[in-house]
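Take a look at the model below. Then read on for a short tour of its sheet and its salt bridges.

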Amino acid sequence: MTCVTFYTDGSRITGFDAVGHSGWAEEGEDLLCASVGAAITLVEATVNDVLGLAASVKVDEAAALVSLRLPGGLAPSAESTCQALLTGLMLYFTMLHEEYPDNIEVLEDG
């Protein structure tokens, strides 16, 4: 199962950890894992490469872990964009959980 935990500080989403393989299909053929990975890559690329915000990203392929943490002290427009991205990511993963409840879990820690 893939477990995605979103970390919050008040109403601010500060980042997330995604760990584990969904187990929906064989490795290399698992469309659910591919969907999760693509969504994470889109958010990370937008935050770091498009907005240039230098969010902390850790990847541990052996543990099937991807972690992202936003930096503090963002300008209001960058903060608003990041919150929209992370809220959208949480909503997307929640929708995946509703469709695949045995394969993806979404948690909030704050």
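This report covers the sheet, its strand pairs and the salt bridges.

## About the model

This is a predicted model, in which local features need pLDDT of at least 70, side-chain atom pairs count only at pLDDT 80 or more, and totals for chains, interfaces and linings use all residues. Residues are numbered from 1 along each chain as its sequence is written, and side-chain values use heavy atoms, with hydrogens and water left out.

## The sheet

Five strands in the order S3-S4-S2-S1-S5 make an open sheet with mixed pairing. Its edge strands are S3 (56-60) and S5 (104-109), and each pairs on one side only. On average, neighbouring strands are turned by 15° against each other, direction ignored.

Strands (E, at least two residues) and helices (H or I, at least four) are DSSP runs, numbered from the N terminus. Two strands pair if DSSP finds at least two bridges between them. The axes behind the angle are lines fitted to C-alpha atoms, and angles run from 0 to 180 degrees between N-to-C directions.

## Strand pairs

Strand S1 (residues 2-9) pairs with S5 in the parallel sense, over 6 bridges. Here Cys 3 has Glu 105 in S5 as its bridge partner.

S1 and S2 run antiparallel and are joined by 7 bridges. Asp 9 stands opposite Arg 12 in S2. The hairpin of S1 and S2 has 2 residues between the strands, and Gly 10 takes a positive phi near 70° there.

S2 (residues 12-19) also runs antiparallel to S4 (residues 65-69), with 5 bridges joining them. Asp 17 has Ser 67 in S4 as its bridge partner.

## Salt bridges

How many salt bridges does a search of the whole structure find? The search finds 2. A salt bridge is a side-chain nitrogen of Lys or Arg within 4 Å of a carboxyl oxygen of Asp or Glu. One joins Glu 79 to Arg 12, with the closest N and O atoms 2.7 Å apart. Glu 79 lies in helix H2 (residues 76-99) and Arg 12 in strand S2, so the pair ties together parts that are 67 residues apart in sequence. Glu 79 is buried, at 17% relative accessible area, while Arg 12 is partly exposed, at 21%. Buried means under 20%, exposed over 50%, and partly exposed in between (1.4 Å probe, protein chains only).

Arg 69 forms a salt bridge with Asp 17, and their closest N and O atoms are 3.0 Å apart. Arg 69 is in strand S4 and Asp 17 in strand S2, so this pair ties together parts that are 52 residues apart in sequence. Arg 69 is partly exposed, at 28%, but Asp 17 is buried, at 16%.
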